[in-house]
Every structure is written in structure tokens, then in C-alpha cells.
There are 2 protein chains.
Amino acid sequence: MRRCRDLLRVANLCHLLTRHYIKLSVDTINPHVVRLEYAVRGPIVQRAQELDIELKKGAAKPFEEIIRCNIGDCQAAGQKPISFIRHVLSVATNPQLFRSPEIPEDAKLRAKRFLDSCGGSVGVYSQSTGVQVVREDVARYIERRDNLTSNPMDIFLSSGASEAVKSILQLLSTGRDGSGRAGVMVPIPQYPLYSATNAEYNAYQIGYYLVEADDWSLDVDQLEEVLQQSRDKCVPRALVVINPGNPTGQLLNVSTIQRVLEFAHRHNLVVLADEVYQHNVYASDRRFVSFKRVLHDMGGSLAKEIQLASFMSCSKGYMGECGLRGGYCELVNFDPDVQAQLYKCLSARLCSSLLGQLTLDVVVNPPEPGEPSYEVYQQEKDSVLSDLKLKAALVSESLNAMPGFSCNPVTGAMYAFPQIKLPPKAIETAKSKGMAPDFFYCLSFLEDSGVCIVPGSGFGQVPGTWHFRTTILPSVEQMKTVMQKLERFHTAFLNKYS
Amino acid sequence: MRRCRDLLRVANLCHLLTRHYIKLSVDTINPHVVRLEYAVRGPIVQRAQELDIELKKGAAKPFEEIIRCNIGDCQAAGQKPISFIRHVLSVATNPQLFRSPEIPEDAKLRAKRFLDSCGGSVGVYSQSTGVQVVREDVARYIERRDNLTSNPMDIFLSSGASEAVKSILQLLSTGRDGSGRAGVMVPIPQYPLYSATNAEYNAYQIGYYLVEADDWSLDVDQLEEVLQQSRDKCVPRALVVINPGNPTGQLLNVSTIQRVLEFAHRHNLVVLADEVYQHNVYASDRRFVSFKRVLHDMGGSLAKEIQLASFMSCSKGYMGECGLRGGYCELVNFDPDVQAQLYKCLSARLCSSLLGQLTLDVVVNPPEPGEPSYEVYQQEKDSVLSDLKLKAALVSESLNAMPGFSCNPVTGAMYAFPQIKLPPKAIETAKSKGMAPDFFYCLSFLEDSGVCIVPGSGFGQVPGTWHFRTTILPSVEQMKTVMQKLERFHTAFLNKYS
């Protein structure tokens, strides 16, 4: 830092003498931006894009298409949008369609209710926290889900869940270095939004390992240990938990959530519950239980005190409307003055997309039995979720059948995160190329088979172990193909490096 | 800070003894968030909302409706959306409408081209920088506007222009305090996004006054002076210019832009050109000239060196699609490595709304002569712009006819920013209530007449002068009413406090 600044002074002096304009460089821009990494769109994904362009130009490759298993982008993987969502959006956008017989009446009613609440057009700014009826509908959705009260004023709408997560992390970051710096506990492996945002706001990241041998659960003893180790570097402020898990695909059980909440209470931590996969549960004997519900059931001072921020999105679940950028955050037990500061901060970005807000409104307020669109909506929803369930089982079973692979059951979310035992020769080869071994494995698989997966090093893993994340989003047929391609590649890879 | 930290330690100790959970408070959250202010949605606007709710509940007030002149929200003020934009959006969202005879063929073609480029659905994530055809269309739009080449790779799409502005300011902020802190030159009066974002990223704000007596132009001698005065507090990094001006409503002339660019070149400043009002020019004898065009015409090392970021939005102009959140930024002369860092940073928020991107695509690629929608599009566009021109003249003329008011001609954007001479007794009364005098004036006007305008103190002004910002967005009839109400209120106000 100091060296940088001295250089800058010298540079400024030179400039005065020579009148040469000095541009920003990677050494002089915001160092937090430089430090930020986001693996889901990293170099392997860029290489996949290049290969795609080469294929389209007619280049000969050992594969005919790129299959993208790198990102939770449902519709890019071929999933069809839910018709009812699109009906509502199209009529709200183009009100002449209120006269069209092709738009179902229940879609028109929802569009009208939204337009009446926001001021008559999807082209207006809403309140920074979102259109009032949507906040009310979200509250009712949470009430039905948890059988608990929810206050619309504690809910704000955001551009996907990502923006809401960033707002909360920004709120509790202090930016300072040294012992006053905010500490944020983040799982390893994690969804890289968290590490990226911590880098962006200069929060100190306290990584804790999810326990692979225990279905990617949390171990409170380990949480205590890493927290204590961080005390001289930061003031621990927050704990991030992703449930169902990304990239790990696990659904946490209630007793784990209870222990985690007790831990958070002992240490004054704000809990960030990333619950965007709450519709994506595949274990037949289990269901999603929210952090808020568990918190309430624990009772006592804990239930009244722990600050909890829960995130939800339109981008996942059965709807997969990533591009429409709808999301929400519910705040529980936040100080009203702090909440007011957060909402003030949101106002400078004006509001999230009104059509994203409307999408969310449909998701939390879907057609009811008896409404014209109910049956089709249910069919479409069930079809997506039952396919995902099939693929969750297919992928973990296929992976576990391959030598050197072990994969926990995919009980939730949209991902598998298998461990691979790599032969020492492969590890050496990777290192000689300056690559992490799992990166080398994934890149080789891409070049060989056209399948894009993301190495575990992008999400974090126990040192010396190697993983990758694959989504389960391509069609059932394509996922079968992916598994066949992987088996063929993996066999050849083992032969080559054993 | 230190005191805060000590308190926190004591609090932590108490907690260990009592097991009492300590919540975040305004004293312990991110101090940059606490410092952030955003006047366009400040207390007067909140009061207007309360009054609106009271009115709707049947309360008796000296007015029958709230007229909102506080925010550049065109459609909230009654402006009709451009039909073609809505046709394109509705068919892209709901592809069954490709069969509908009610959607014009040119709208279908644009929707199809967009869907083909993004992967077939508005529900997918795009590249973080935006859908490729939109970036290409933006580049062609800039080429036509400036008669200069533009590279799609230098353009990124954003959630309104606000997000792009925040990204650039974040990129060049260092967050550090003391002499290594980034300095950002911002006009006074300014659009408060800039002060809010500088607070958020802890950039040092170097305010420079726009010269009211010279039609809100920039004075380079003053720029030099404030820059020199800031040198011990920061490393000046950037200069923000809003043209046409917000809140000031002026169009800058080319020679001013030239002098400003020379100044930026002398001092290694990145120029942020907020050009979101480029379609809003009302002076009959003048037209919008971009910073990029002026930069190019100046030639020499300057044209090849100055880093320029130009911002544009779908929210203003004649389209006023605020809620759809479309915007772009073009980067000129940025170091490719710096640009790569910026684009990496964008990737953590995934992408802006696809429907916002599509809206922008229509704005930069409107119907051409001969296409079915051309005539209606032109009529709708001309109608909005000619009304705005009428209101620009109406407002400045009406204001200048009132005693104690002076208002520069509104040559661009959507605002007037008149100066008011307030009687000493009014100033004293305001101070006795703990209010800034212009805040007191605006609040009194709201309570008396139901018109919501924003005091100059929210944008900044020369100390001892008082202003407010009013939009010119309500209908011509409503703007006449606003001016009549203001005249009546102002006369009574002067009588009361003289």
C-alpha cells in the first residue's frame, strides 16, 4: 500500500514535468475489486464460450456441443418457463392484452392488482423496498410456509437475492483493517458471492468447513474454533449458512440449525440464511424448515434477539427466472434504526426491476385451486421438480459408481459436489502447468467432452482434497449423457496418469 | 472510532458474563452507510406519502391531490409508455404472442433477435456485461450519434445508469482514509447519487460549484482551486459532469466541455459523463454533443488518453421506463486490464434484468422509416418531447415572474432549479424549528398546496442561497396548476414573513 502510494507521488511529479496523463492501472484501482474472485464465471467458463464459438464456426472437436453444468441457470439448460408467470408479465407490460382472450383471467387479475399498487405502469420507480402489494404477498407466503406472523415492513425486494445479500454484508462491514474489521463466517465450500462481497467490502472472511463425511453438515465445535482464531483479526459480525446448500446440495436438519443458532447467539452474530433453494428438496422423507421457524421454536431470549436475514429468489426453485432479477430479504429482530439505515442505503439505487418484483409476486402468490391457471401451473411446477429429483439421484448414484469418486446424496438445491481422488501423477502434471489439480481435471474434461463444470477450488475445499460442482439442470437425457461422458473421460484420465 | 471499539470490547465482556446478545446499532454498522444521504427520497417525500394516505382516508386538506414534482419518474407523472417498447417486451416475455396479430411484425423481429442472442428466454442470465446484440446495438447507436466508431466490448449494460455509476466509482475508490484516499470531483448542486456513492465507498468528495450566473456552467479556475485545496486530503481521481444537468437543467456548450477535458487531462482525472438526458434538449438552436465527440475532436494525446465513462439510461428521455432498469456505460481509453477487473467485479451480481436490457435495445434501435411501427413511435416520441419543451419554457418563465425568484432557462434534462430570496424572518423561523430555510419553504408549500418539490440543500448550493428542484414531468395542465399554486403560496409566504 505504502509503496503504491509513494510510486503514485513520484508518478504525479513526473506528470507535472512531462504533462503526461496517467491512467488507472490494476495497481492503483480499488484493491478490493482486484481481490474479488467469482469462480462460477471464471476461466473455465470463458474457455467454454471460446469452444462454443469455435464449434459454431465449424471447427472439429471431439464433441458436438457444449453442455453447461457450471451455473444454476435453469432456462439456459432448456427448462421451460412457467406459463402463468409469463402471462402475468406480458399483460402487465402491454395493457392492451387485458382485452386478449389468450391471457387467462387470473393472470389479468394479478397484473391489475400489481399495477394498481405501483401507480399504473411497470415503467415507474417503486419504493426502494419494493411495491407494497408484493411485500404483503411475500409476508403472507412466509406466514403460510412457517405458520408464523411476518410483517411486510420487514421485507425488502431486490435484484435477485444477490443484491440483498450484498446490501446486508455492506451494512455490517466496517471497511477498517485491524481488530475493528468486521468478520463474516462463510462455509467452505461456499457460493462465491459471499467471498466476492467480503472482498468488495473488506470484511474479514472466517471460513468454516462443512463436514463432507456428515452430509455437508455444520460442526459447532469447529465454528467455535475458527471464531476464536479470528478474534485478533476482526470483530466477528455475521454467519452465513446456505440451506439447501450451494455448491453442496444438502438439506440441513433442524437440530443442526438449532445448534448453529445457539452458537450465533453466544457470539452476537447476525445470521444470513441463504434459503433461495427452499423449493428444491428431493429427499422424500424430509421437507424444508426455515431458519426463522427453527428460531421461533427455540423460544426464550434467543428467539427474540437473534438478527436473522433470510434470502429468497425467483431464479431457482421450479421457476428458474434468473434473467428477471427478482428476490427478497426478510429481516427478523433487527433494530428499527438499523433497518432504517439499510432502507435509506437502498434508496440510492432507486428500486429493483418492477418486472422482477412482479415475477416474485407470482411465485409467492401462485394460482389457487379453482382459478383457471391452477392446473397447468401445478403440472408445470411438478414436472420441473420431479425431473430435478430424478437427476439428483441419477447424478449422485452415477458418480459414486465411478472409481475414485464419492458424492453425498443430493437432498436439495441444484448441485452435486463430488470428491475425486486424483492420481499423484495428475497432480504433478497440473502443478507443472501452474494449475490447481481440480482445475486441470475440469479443463481436461471440457476440452475432451465439451462439458463445463467448475473446480472445487473456486468454492473452497479441505486442502489436499479435490472436488467439482456440477448442476443437475440439463434435461434428464443430457444428464445421462454427461455422466457417460464423464465415465469415459475419467477412465481415460486414470489410465493416463496412473 | 476508537471509542466505539472500546465500547464494543466492554460490551463483549459484559456479554460473556451475562450471555446477553448484542444487536447491531447505528453506532456499530458500516459508518459509510450511516453517512449516506439521498435527498430525492428524503423526509419531504415521506411526508408527501403520509399526506397521500391521509387524503385517501378522507382527511380534509387544503388540496385535493398530491402532485409529485420531486423525482424524475415520467410515467408516475402520467406520461404514457412508448407502445413499441411494450410490444417488444410482451412478445419476448410471452412467446405465444408471436402468433398474435395484435403485436406488430417489427416488434416480433426485435424480440426474436434478442431471444436468439441471449439463449431463447428472458429468464436466463446473460453475460455480466449484457446480451451481445444489445451491446452491438448500443455501439451502433453511439456511432450514429457521434459519427465515431464504438466497440461493443467497451460497453456494459446495467440496472439503470445508477448501477453503472456506482461500479465506476467503486472501481476508482481506494476506501483508505488520509492522503491515499480517492478524491472525486462532483458538481454543486449535484444529483445525490454521487454524494451517496462517494459516502458508500469512502471516496473524498471534492465539490465544485456550477456557476448559476453563467447558466450553471463550469468554471475551470474554480475547478483548479478546489482541486489544489483537496490535495492534502486525497488523491484526486475523477471528475463527474452531468450534461444535460440534474438538478440544474442546463445543456453545456462545446467550449466548456473542451476546457473541462483539458483540466481532466492536466490532473489525470477519469471523466464520468452522466449523459442520461441526451434526448432531453429544449433549446431550439442547440443540440446535444457528447463528451466522447468533443474529446475526439480535440485530438492529440488528450483524445487518446483521457479515460471517459459515459452513462445512458432507459429511464429518462422520451421513454421514461424507470421501473424496467435498463442502462449502459461506454468506456473510452480505459486500460484493458482495468476494464477486465471491472467486468470481473460485475460478474458477482450476475447480470442486469434481461427485460431492462431489451428495453435499452429498443431505445438504441428504434423502428426505422418503412417499418410498421415507425409512425406511431415517432408520434409518441415527439409528443412527449414537445410537451417537455413547452413545460421547460412555462416553468422558467412562471418562476421568473414571481417576486424573489430567479431561474435559468431550462435548456435540457427535466428540471428547474430556481433560486429564491427568502425574507430574514422566514429564515429565522426555519432555524428556530431546526430546519434549513429551503427545507422549511418546501415543506410549507407541500402542507399548503400538496405539491412535492425537493429543497436545494439536498443537492448542494452556495451557502446563503436557497433553491429547490422541481421536475417538469406532470402534464402541461398540471404544471400550470403547480405554478399557480406556487404563486399563491409564495405571495402568502412573503406576506407572512416580511
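How many cavities of 30 Å³ or more does the structure hold? I looked this up first.

I am working with a predicted model, where local features need pLDDT of at least 70, side-chain atom pairs count only at pLDDT 80 or more, and totals for chains, interfaces and linings use all residues. Residues are numbered from 1 along each chain as its sequence is written, chains are lettered from A and ligands numbered from 1 in the order written, and side-chain values use heavy atoms, without hydrogens and water.

**Cavities.** I found five of 30 Å³ or more. A cavity is a set of points, on a 1 Å grid over the protein atoms alone, where a 1.4 Å probe fits but cannot get out; lining residues have an atom within 4 Å of a point. The largest cavity holds about 530 Å³, a volume being the space filled by probe spheres set on the points, which are joined across faces, edges and corners.

**Lining.** I noted 28 lining residues for the largest cavity, with A:E163, A:K166, B:E163, B:K166 and B:R349 nearest its centre. Both chains take part: α7 (160-172) and α13 (336-347) of chain A and of chain B each supply at least two residues. Helices here are DSSP runs (H or I, at least four residues), numbered from the N terminus. I see that α7(B) gives the most, five residues.

**Symmetry.** I laid chain B on chain A with a turn of 180 degrees and a shift of 0.0 Å along the axis, and the RMSD was 0.0 Å. This is therefore the relation of a two-fold axis. The superposition is by least squares on C-alpha atoms of residues with pLDDT of at least 70 in both copies.

Note on methods. On a 1 Å grid over the protein atoms alone, a cavity is a set of points where a 1.4 Å probe fits but cannot get out, and a pocket is an open set with protein on both sides within 12 Å along at least five of seven lines; lining residues have an atom within 4 Å of a point.
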